[in-house]
Amino acid sequence: AVEVPVWLYVNEAPDLKLTVPITGHIDILQVRGNYLYILDFKPDAKHETKAKHQLFLYARALAARTKVPLSRIRAAYFDDKDYFEVVPGP
């Protein structure tokens with residue numbers, strides 16, 4: 001799926017100490033093996049500094065919406081040259 005909307009309410013993640021809900025759109029959501037992959041295009045991915053944090057929040061929001069455990073979610077950001085995979089949860 002592409003451009004998948006996600007949101008996370010303050011009460012769904014008290015450990016994050018959010019003061020307002022967060023929202024976003026996952027560029028690509030892919031099922032690969034037994035995992036859900038959140039894929040996010042970032043121009044000049046090699047120099048990206050905030051992608052891991054954003055992907056973690058997307059993973060938390062996706063887990064809250066779907067009830068898929070965070071341990072079954074993977075994430076990556078990429079551009080036309082590089083691909084960086086991260087594990088957003090335990």
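**Labels and their grounds**

The accessible surface of the chain is about 5,600 Å², and carbon and sulfur atoms hold 59% of that area. The model is predicted.

Q: What elements does the chain have, and in what order do they run from the N terminus?
A: There are 1 helix and 5 strands. From the N terminus on, the order is β-β-β-α-β-β.

Q: How do you know whether the radius of gyration of the chain agrees with that of a compact globule?
A: For 90 residues the globule rule gives a value near 12 Å, and the chain has 13 Å, so the two agree. The C-alpha trace spans about 40 × 30 × 25 Å along its principal axes.

Q: What share of the contacts in the chain with a separation of 6 or more comes from residues 24 or more positions apart?
A: Such residues account for 53% of those contacts. As for burial, 40% of the 90 residues in the chain are buried.

Q: Which residues of the largest nonpolar core touch the most other members?
A: The core has 23 residues, and those with the most contacts to other members are Ile26, Leu29, Ile38, Leu55, Leu62 and Ile73. Strands S1 (2-8), S2 (22-32), S3 and S4 (73-78), together with H1, each supply at least two residues of this core. H1 gives the most, with 8 residues.

Q: What does Ile26 touch, not counting residues up to four places away in sequence?
A: Ile26 touches Val2, Glu3, Val4, Val6, Ile38, Leu39, Tyr58 and Leu62.

Q: Why is Pro88 called buried?
A: Buried means under 20% relative accessible area. Pro88 has 10%, so it counts as buried. Pro88 is found in the segment after strand S5 (83-86). Leaving aside neighbours within four places in sequence, Pro88 is in contact with Phe56, Ala59, Leu70, Ile73, Arg74 and Ala75. Pro88 and Arg72 are 16 residues apart in sequence, with their C-alpha atoms 9.6 Å apart in space.

Q: Is Arg60 buried or exposed, and what makes it so?
A: The relative accessibility of Arg60 is 17%, and the limit for buried is under 20%, so Arg60 counts as buried. Arg60 lies in helix H1. Beyond four places in sequence, Arg60 touches Leu8, Glu12, Ala13, Asp15, Leu16 and Leu70.

Q: Why is Lys17 called exposed?
A: Exposed means over 50%. Lys17 has a relative accessibility of 69%, so Lys17 counts as exposed. Lys17 is found in the loop between S1 and S2.

Q: What makes the phi of Lys17 worth a remark?
A: Most residues other than glycine have a negative phi. Phi of Lys17 is near 55°, a positive value in a residue other than glycine. Asp44 also has a positive phi, near 60°, and is likewise not a glycine.

Q: What does Glu48 touch, not counting residues up to four places away in sequence?
A: Glu48 touches Lys42 and Tyr77.

Q: Why is the aromatic pair of Phe41 and Phe78 called edge-to-face?
A: The count of aromatic pairs comes to 2. In the pair of Phe41 and Phe78, the ring centres are 5.7 Å apart and the planes are at 70°. Phe41 is partly exposed, at a relative accessible area of 43%.

Note on methods:
Residues are numbered from 1 along each chain as its sequence is written. This is a predicted model: local features need pLDDT of at least 70, side-chain atom pairs count only at pLDDT 80 or more; totals for chains, interfaces and linings use all residues. Side-chain values use heavy atoms; hydrogens and water are left out. Contact means heavy atoms within 4.5 Å. A nonpolar core is a set of buried Ala, Val, Leu, Ile, Met, Phe, Trp, Tyr and Cys residues joined through side-chain atoms within 4.5 Å. Buried means under 20% relative accessible area, exposed over 50%, partly exposed in between (1.4 Å probe, protein chains only). Helices (H or I, at least four residues) and strands (E, at least two) are DSSP runs, numbered from the N terminus. The radius of gyration is taken over C-alpha atoms; the globule rule is 2.2 Å times the number of residues to the power 0.38. Accessible areas come from the Shrake-Rupley method with a 1.4 Å probe; for residues, only the protein chains shown count as cover. Rings of Phe, Tyr and Trp (its six-membered ring) pair if their centres lie within 6.5 Å; planes under 30 degrees apart count as stacked, over 60 as edge-to-face and the rest as tilted.
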